[in-house]
Amino acid sequence: MRIHCKVVVIAVCFGVFLLLYFLGGNAADDPLLKEVGREQKDSSSSPLPFGRDVVAKFARKSSSGVGVRPEEPLRGRKEGKAINRGASVNVKSKARSNVGRPVTRRTRAEEVMHLAVVACGNRLDETLTMVKSALLFSLKKIKFHIFAEDPLALQFKERLNQWPRSVTSRFQYILYPISFSVGNADEWKKLFKPCAAQRLFLPVILKDVDSLLYVDTDVLFLRPMDDIWSLLKSFNGTQLAAMAPEHEVPKIGWYSRFARHPFYGVTGVNSGVMLMNLTRIRSTLFKNSMIPSGLSWEDLLHPLYQKYKNHITWGDQDLLNIIFHYNPECLFIFPCQWNYRPDHCMYGSNCKAAEEEGVSILHGNRGVYHDDKQPAFKVVYDAIRDFPFEDNMFQSLFYPIQTKFLDTVNTLCGRIPQVFLKQIEKTMKKVFEDKVVRHVRPHK
């Protein structure tokens, strides 16, 4: 009898052991419980109540728009700021909470846009104002590739490092010397404006960069750079660069009237804003009038210059027009609102895209930021240059522009203020909604 009792006791103990084993194994394999357990250990110094911790976790994973935007899940976390009103968690537990977040979101959030500019002479302040305009509205981080002469390079470094930490955390920059891989460097430097020909060599120099937006120093962004960057996705299988037409009206366009060399399309293209897929440029053989089999980008530049140097007026822009004249299938044309110049309003308004949607990128060529010939352009430039980074944009940027525009309504470009103001107002509203409204949890 005693033997039977012992057998029964052993069987019961074994059964209980098996039951505990399976229950314990399932609990340990549950990813949510494992993650919560880790967070409780990590945040033991200042723990949240368990219920609030789980609610915060699911709020972050929610797709309802409350919390951090998918495009930038790490923004604002590095300094340990709370995501939702009334909640406070440490940086370590926030980093842990990204475990289990879809990889696609993280990849998209960490995407960096590349922007290049070439600055020589007295272009320091103008270039910094361009950089500032790009940072004011853009959502993704930007990596700036700044090509500058030696005296300017030190000034760029000094001025950029003086900007607030809240701004410098959103971008990176690299300074490069002016250099040309083929031909005579002095000739290239004097081709048009000082150092402007440097842009032709970006595919050769920036070998590790896949895609790039190049802009002149006198360009201002009036909406997120993200929007023009997204046009890369609109390229078809043969397109490798994008520019806007030089003019909308052939009878008053420069190329259609005066050019002594081949150019793209009917009015040519303006290279002040140029979006490039550098990988495609480096791997393409370009048709030309010299070598029937085609030439790579680097091999094409110098012989093309030698052939046409006595016939070009606008330097590197003319060479780009010649290249895409022979390779039109390689070029994507974006509307004039992405490269809006005085030519679009000083002869009457001729950029319909800007009339409908507002100016997206303002290009103040002809030196209009620094004289009184086109005060509408100067009003925008002065306002962005003088705007303190951490001030309210509506109060310290948009309203001054709007008010000062009243003094320009008797000028050719100032008489259409909605063209200049529409997009920047829309952009500011979107920035406000993204940075404030979507981050506020609704009251219960």
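Helices, as named here, are DSSP runs of H or I with at least four residues, numbered from the N terminus. The model is predicted, and local features need pLDDT of at least 70, side-chain atom pairs count only at pLDDT 80 or more, and totals for chains, interfaces and linings use all residues. Residues are numbered from 1 along each chain as its sequence is written, and side-chain values use heavy atoms, with hydrogens and water left out.

Select Val131 to begin, a residue of helix H6 that is buried at 1% relative accessibility (buried means under 20% relative accessible area, with a 1.4 Å probe and protein chains only). Beyond its neighbours within four places in sequence, Val131 is in contact (heavy atoms within 4.5 Å) with Phe144, Leu160 and Trp163.

Next, select Phe221, Tyr340, Leu362, Leu397 and Phe420, which touch the most other members of the largest nonpolar core, a set of 74 residues; such a core joins buried Ala, Val, Leu, Ile, Met, Phe, Trp, Tyr and Cys residues through side-chain atoms within 4.5 Å. Helix H6 (residues 124-137) gives the most to this core, with eight residues. Because domain 1 (113-334) and domain 2 (342-440), whose bounds come from an automatic or database domain assignment, both give residues to this core, the core lies between them.

Now centre on Leu362, whose contacts, leaving aside neighbours within four places in sequence, include Asp218, Tyr340, Phe377 and Phe420. Another core, of 45 residues, lies apart from the largest one, and Phe180, Ala241, Val269 and Trp297 are among its members.

Finish at Thr408, in the loop between helix H18 (393-404) and helix H19 (417-435), where Thr408 is buried with a relative accessible area of 2%.

Key. Buried means under 20% relative accessible area, exposed over 50%, partly exposed in between (1.4 Å probe, protein chains only). Helices (H or I, at least four residues) and strands (E, at least two) are DSSP runs, numbered from the N terminus.
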